[in-house]
Amino acid sequence: MNTLDPMDLKILLELIKDPRIQIAELSDGLGIARNTAQSRLKRLLRTGVLQAAGREVDLEKVGYDVVAFVTIEVTHRELDGVIGALRLIPQVLEVHEISGRGDLWCRVVATDTHNLQSALRSVLRTKGVIRTETVLALHTHIPYRTEPLIGRMAATPTRGRNDNQSPGAEA
């Protein structure tokens with residue numbers, strides 16, 4: 001359940017804009033006491049709204065608990081315009097140009113199915129969109145991560161490795 005007040009949301013927005021922001025800068029920028037900023041950050045961490053060392057927002061905890069993956073087929077001459085229009089839809093988190101069936105792949109979040117339907121209608125109204133296919137995510141088993149890749153690279157000597165080898169492969 002979303003129990004965040006406007007100041008909590010402003011704090012989250014500042015952290016998204018600048019993940020390295022210091023408490024002093026945060027409190028000065030928002031016009032609140034440093035102790036207030038610190039205690040709110042601690043609460044956001046404790047409740048799980050902030051994750052990954054306090055810089056990743058758990059969208060489910062702030063009310064966006066519907067996740068969908070949308071494949072979009074577009075008229076190719078309209079591709080740039082479609083991407084520009086998708087950028088304006090707040091629920092669209094990512095857009096990738098893909099091979100195979102469809103042209104674009106998007107990760108979309110919503111507060112409920114009505115909110116998702118509204119976002120999808122915005123996509124469908126976009127000039128150049130031919131059709132969409134939407135799949136709902138039921139559960140995230142492995143969230144986005146980079147640590148295994150970087151950890152593997154850090155543990156592997158790079159001397160003698162060519163660009164075509166996967167990290168960790170012997171030369």
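User: Among contacts in the protein chain between residues at least 6 apart in sequence, what percentage join residues at least 24 apart?
Analyst: The model is a predicted one, and a contact here means heavy atoms within 4.5 Å. When the contacts between residues at least 6 apart in sequence are taken as the reference set, the part that joins residues at least 24 apart is 59%.

User: Which element gives the most residues to the largest nonpolar core?
Analyst: The largest nonpolar core holds 19 residues, and those that touch the most other members include Ile-72, Leu-86, Leu-104 and Cys-106. Two or more residues come from each of β3 (66–74), α4 (79–87), β5 (104–110) and α5 (113–124). With 5 residues, the element that gives the most to this core is β3.

User: Leaving aside neighbours within four places in sequence, which residues is Leu-86 in contact with?
Analyst: Leu-86 is among the residues of the largest nonpolar core that touch the most other members. Once its neighbours within four places in sequence are left aside, the contacts of Leu-86 are Ile-72, Val-92, Val-95, Leu-104, Cys-106 and Val-123.

User: Is Ile-150 buried or exposed?
Analyst: Ile-150 lies in helix α6, which spans residues 147–155, and together with Leu-149 and Met-153 it makes a nonpolar surface patch of about 300 Å². Because its relative accessible area is 52% and the cut-off for the exposed class is over 50%, Ile-150 is exposed.

User: What share of the residues in the protein chain is buried?
Analyst: A residue counts as buried under 20% relative accessible area. Of the 171 residues in the protein chain, the buried share is 29%.

Key: Residues are numbered from 1 along each chain as its sequence is written. This is a predicted model: local features need pLDDT of at least 70, side-chain atom pairs count only at pLDDT 80 or more; totals for chains, interfaces and linings use all residues. Side-chain values use heavy atoms; hydrogens and water are left out. Patches are made of residues with over 30% relative accessible area and no salt bridge: like charges are joined within 9 Å, nonpolar side chains (Val, Leu, Ile, Met, Phe, Trp, Tyr) within 5 Å. Accessible areas come from the Shrake-Rupley method with a 1.4 Å probe; for residues, only the protein chains shown count as cover. A salt bridge is a side-chain nitrogen of Lys or Arg within 4 Å of a carboxyl oxygen of Asp or Glu. Helices (H or I, at least four residues) and strands (E, at least two) are DSSP runs, numbered from the N terminus. Buried means under 20% relative accessible area, exposed over 50%, partly exposed in between (1.4 Å probe, protein chains only). A nonpolar core is a set of buried Ala, Val, Leu, Ile, Met, Phe, Trp, Tyr and Cys residues joined through side-chain atoms within 4.5 Å.
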